[in-house]
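Me: I would like to learn how to read salt bridges in a protein model. Could you walk me through some cases?

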Amino acid sequence: MIIDCHGHYTTAPKALEDWRNKQIDNLNTPHLGPKVADLKISDDELRESIEVNQLAKMKERGIDLTIFSPRASFMAHHIGDFNTSATWASICNELCYRISQLFPGEFIGAAMLPQSQGVDPKSSIPELERCIKEYGFVGINLNPDPSGGHWKEPPLSDPYWYPIYEKMVEYRVPAMIHVSTSCNNCFHTTGAHYLNADTTAFMQCLTSDLFRVFPELKFLIPHGGGAVPYHWGRFRGLAQEMKKPLLSEHLLKNIYFDTCVYHQPGIDLLTKVIPVDNILFASEMIGAVRGIDPETGYYYDDTKRYIENSSILSDEDRLKIYEGNARKIYPLLNQFLESRAT
């Protein structure tokens, strides 16, 4: 089985974006803004948005199941206040839930949290619990920078985040550490902000003892870990200077990386540097990079090709990357798959 651990609902019907724009236009006059009931999207519209997009590519590329969450750039936690984010997150999560019900064998949800800059993370817990208990979601997306590129929140190692971690451990769900749109002109959203955040999240964990406090906590750092694999020697050296344990003990029992690296040399580097047990298959299609690579003639985000063409990986390694590791760090996903099998 091939499990894609990184999918976003980037192809939602235009009515969703129109609703959001009206919400943003009325931030200062919320009584004039759209009501949740104003958003009308039929099951047929949802089916069409998936069948000709994500599902078609999954079938073409041999992907069986996608862990599916709201569009990352749409989270935009820096917009409005907590009520703005809470309403928006609820709408987006419900759509992903509906997709999981329309395509129960191909999609399962991961929750967007209603984070808002400067607001206690505890405020996100009701939506987290709702998505797990009512929707059967198996993970969450956690934004370490709700300010949109200005990094106003404490680092992930700070007790500020502990209420979220406590719930993650309680419900046995990992968090994909995923920022949203950058409103800082210095950082392009997908080309810089995402990769900066991946690297920053890893370093925040390296400099702390977070996983001594929460030994069962699991983080998935997307986009191949940003700069982490490329600069593994730097991180090993920094940990050594800080008198931290070896990274295999200090971080790699809790941190994992996906394969959203869009060329063969990048995947080869990732799989050579990072232990196979810490790599999960992912494509993030249809997402940040949607075109065809003129050097290969294939889509950049057809990441399965890179895994198949690797001369480093054994068949056993591929099985771990495609399925085994996802089952391990997503216990609720494993439980779901086992229940389907029986």
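Me: Is D18 buried or exposed, or something in between?

Reply: D18 is partly exposed: its relative accessible area is 30%, and the cut-offs are under 20% for buried and over 50% for exposed. Keep in mind that this is a predicted model.

Me: Which side chain does D18 meet in a salt bridge?

Reply: Start with the general idea: side chains of opposite charge can pair when their charged atoms come close. Here, the side chain of D18 meets that of K14, at 2.7 Å from N to O. K14 is exposed, with a relative accessible area of 57%.

Me: Where do D18 and K14 lie?

Reply: Both are in helix α1, which covers residues 14-25. They are four residues apart, about one turn of the helix.

Me: What separates D44 and R47 in helix α2?

Reply: About one helical turn, because they are three residues apart in that helix, residues 43-51. D44 counts as exposed at 55% relative accessibility, while R47 counts as partly exposed at 30%.

Me: How exposed are E249 and K253?

Reply: E249 is partly exposed, with a relative accessible area of 48%, and K253 is also partly exposed, at 46%. Their side chains meet in a salt bridge of 2.9 Å, N to O.

Me: Which residues do salt bridges with shared partners join into one network?

Reply: E129, K167 and E170 are linked that way.

Me: How many salt bridges does a search of the whole structure find?

Reply: The search finds 12.

Notes. Residues are numbered from 1 along each chain as its sequence is written. This is a predicted model: local features need pLDDT of at least 70, side-chain atom pairs count only at pLDDT 80 or more; totals for chains, interfaces and linings use all residues. Side-chain values use heavy atoms; hydrogens and water are left out. A salt bridge is a side-chain nitrogen of Lys or Arg within 4 Å of a carboxyl oxygen of Asp or Glu. Helices (H or I, at least four residues) and strands (E, at least two) are DSSP runs, numbered from the N terminus. Buried means under 20% relative accessible area, exposed over 50%, partly exposed in between (1.4 Å probe, protein chains only).
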